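Please look at the sequence and the model before reading on.

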Amino acid sequence: MFHLCSYNDFMQMSLTFARDGRLPEILKRLRASWPPRGQGKCDPLSQLIFVIVAARAPGASALAAFQRLKRSFPRWHDVKLADLDLLTRALAGVEDAREKAKTIQNILREIEKRHEYLELDFLSDWSTSAARQFLESLPGVGPTASAATLNFSTLQRTVLSVSDETARPVRRLGIVPEGAVRSSLDRHIIERMPTEWQAHDLTALHQGLEKLARHFCHHGRPACKGCPLSDLCPTARRGAGDVVQFKRRED
Ligand code: SF4
């Protein structure tokens, strides 16, 4: 555990260098508390489809549904042409399976229309901002999904995916300005992170924040007492008994 510097020292560093001096320590503690999973990276189209399947679904159910989808329809071309009922059945077990099945087919049709081939590897030649713009122009793809595709896949871009869940500890930790809109949170964090951070650091930050949100930084009353970041967190300093309400779905 880190106890040498106080929260005020960290904030002073942050003001001096226009960066948040707590971020390296936050990541270090998150990695120590929940060691990152050493997953192999998949191609960007598979990652994007997985993100769509996994929205609002527990990780294990999402993975099972994705694997069932791939077993039932081995090629993306097969998924694109699949009967909607069969596709929905393959996604059984995740919330809004039918809507997700429609979204996946719409995404595949759109990629094929614009790019001819059903893959997204061509994005490796594009700048990160152009790739994000392309992904977010696809039906049903927002900033969280586009960032996850670019960061978690073989594209390995230095972008951060901020979900509804991870936005909560990010705000409570004061890493972003108060009132910052959800769509800007990743940009604020990237502006404040150490310059040497790479894609894998942001993947680890995302995974650690997910665990933090699930185990300590709950919706409603956070369990600050046992939180590994409590001495770095202004919300904990104000009193762990504070109940801070966040909207479940943000803009
Ligand atoms: S100290 Fe409390 S509010 Fe801060 S990140 Fe941990 S659980 Fe959330």
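Ser163 touches Thr144 and Arg182, leaving aside residues up to four places away in sequence; contact here means heavy atoms within 4.5 Å. Ser163 sits in the loop between α9 and α10 (164-172). Its relative accessibility is 15%, so Ser163 counts as buried. Buried means under 20% relative accessible area, exposed over 50%, and partly exposed in between (1.4 Å probe, protein chains only).

The model is predicted: local features need pLDDT of at least 70, side-chain atom pairs count only at pLDDT 80 or more, and totals for chains, interfaces and linings use all residues. Residues are numbered from 1 along each chain as its sequence is written, and side-chain values use heavy atoms, with hydrogens and water left out.

**The chain as a whole**

The chain has 13 helices and zero strands. Helices (H or I, at least four residues) and strands (E, at least two) are DSSP runs, numbered from the N terminus. Of the 251 residues, 49% count as buried. Among contacts with a separation of 6 or more, 63% are between residues 24 or more positions apart.

**Two further residues**

Ala55 lies in the loop between α3 and α4, while Ala199 is in helix α12. With a relative accessible area of 27%, Ala55 is partly exposed. Ala199, at 6%, is buried. Ala199 touches Asn151, Gln156, Arg157 and Thr158, again not counting residues up to four places away in sequence. The table gives one pair for each residue.

| Pair | Apart in sequence | C-alpha to C-alpha |
|---|---|---|
| Ala55 and Lys100 | 45 residues | 8.9 Å |
| Ala199 and Gln156 | 43 residues | 5.6 Å |

**Helix α3 and the cores**

Helix α3 is mostly covered, with nine of its 11 residues buried. These are Pro44, Leu45, Ser46, Gln47, Leu48, Ile49, Val51, Ile52 and Val53. The cover over them includes α4, α5, α7, α8 and α9.

Which residues touch the most other members of the largest nonpolar core? In this core of 42 residues they are Ile49, Leu69, Trp76, Leu91, Leu120 and Leu135. A nonpolar core is a set of buried Ala, Val, Leu, Ile, Met, Phe, Trp, Tyr and Cys residues joined through side-chain atoms within 4.5 Å. At least two residues of this core come from each of α3 (44-54), α4 (59-72), α5 (76-81), α6 (84-90), α7 (97-115), α8 (128-136) and α9 (143-152). Ile49 touches Phe66, Leu69, Trp76, Ile104 and Leu108, not counting residues up to four places away in sequence. A second, separate core has 30 residues, among them Val162, Met193, Leu202 and Leu205. In soluble globular proteins, nonpolar side chains tend to be buried together.

**Packing of α2 and α12**

Helix α2 (residues 23-33) packs against helix α12 (residues 199-215) at an angle of about 65 degrees, and their axes are 9 Å apart. The two helices are therefore roughly perpendicular to each other, a term for angles of 65 to 115 degrees. On the α2 side the contact is made by Ile26, Leu27, Leu30 and Arg31. On the α12 side it is made by His200, Asp201, Ala204, Leu205, Gly208, Leu209 and Leu212. By class, this contact has seven nonpolar, two polar and two charged residues. Here Ala, Val, Leu, Ile, Met, Phe, Trp, Tyr, Cys and Pro count as nonpolar, Asp, Glu, Lys and Arg as charged, and the others, Gly among them, as polar.

Key. Axes fitted to C-alpha atoms, helices over the stretch in contact; angles between N-to-C directions. Parallel < 35°, antiparallel > 145°, perpendicular 65-115°, else oblique.
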